[in-house]
Amino acid sequence: MTQEYSEECLKVFLDNQEQLFDEPVAETLEEAEAFLEDCMAVVTDSLDEVRDYMEESGMDVQDLSDEELEAASEVFPLPGGQYLIVEG
């Protein structure tokens, strides 16, 4: 399944990538898109989908509040209410 990343999504990742990585992994929108494709980052429509995705990936998130889940380093809230999940 190929994931499409909106320009908004790429900008959010570029602006906030230091929450997950010690140093920048991308400096341009093109580099951000290539990086997200390489690590198979996922965009979800809701925090419930974030929780489901993380549980399916084997992460123990059932005891996390929505606020804690949204603050996880691999979760990037997007302005339109969606979430980008990047596994570092």
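Biologist: What does Q17 touch, leaving aside residues up to four places away in sequence?
Modeller: In this predicted model, Q17 touches P24, V25, A26 and F76. Q17 sits in the loop between α1 (7-16) and α2 (29-38).

Biologist: Why is Q17 counted as buried?
Modeller: Buried means under 20% relative accessible area. Q17 has 5% relative accessibility, so Q17 counts as buried.

Biologist: What makes the pair Q17 and V25 a polar contact?
Modeller: A polar atom of the Q17 side chain lies 2.7 Å from the backbone nitrogen of V25. The cut-off for such a pair of N or O atoms is within 3.5 Å.

Biologist: Why are α1 and α2 called roughly perpendicular?
Modeller: Their axes cross at roughly 90 degrees and come within 9 Å. Angles of 65 to 115 degrees count as roughly perpendicular, therefore α1 and α2 do too. On the α1 side the contact is made by E7, L10, K11, F13 and L14; on the α2 side, by L29, A32, E33, F35 and L36. These residues divide into seven nonpolar, no polar and three charged.

Biologist: Are C9 and C39 buried or partly exposed?
Modeller: C9 has a relative accessible area of 1%, so C9 is buried. C39, at 23%, is partly exposed, because buried means under 20% and exposed over 50%.

Key:
Residues numbered from 1 in each chain as written. Predicted model: local features only at pLDDT ≥ 70, side-chain atom pairs only at ≥ 80, totals over all residues. Heavy atoms only, no water. Helix = DSSP H or I, 4+ residues; strand = E, 2+ residues; numbered from the N terminus. Buried < 20%, exposed > 50% of the residue type's maximum accessible area, 1.4 Å probe, protein only. Polar contact = N/O pair within 3.5 Å; in protein donor to acceptor, adjacent residues only side chain to side chain. Contact = heavy atoms within 4.5 Å. Axes fitted to C-alpha atoms, helices over the stretch in contact; angles between N-to-C directions. Parallel < 35°, antiparallel > 145°, perpendicular 65-115°, else oblique. Nonpolar A, V, L, I, M, F, W, Y, C, P; charged D, E, K, R; others polar.
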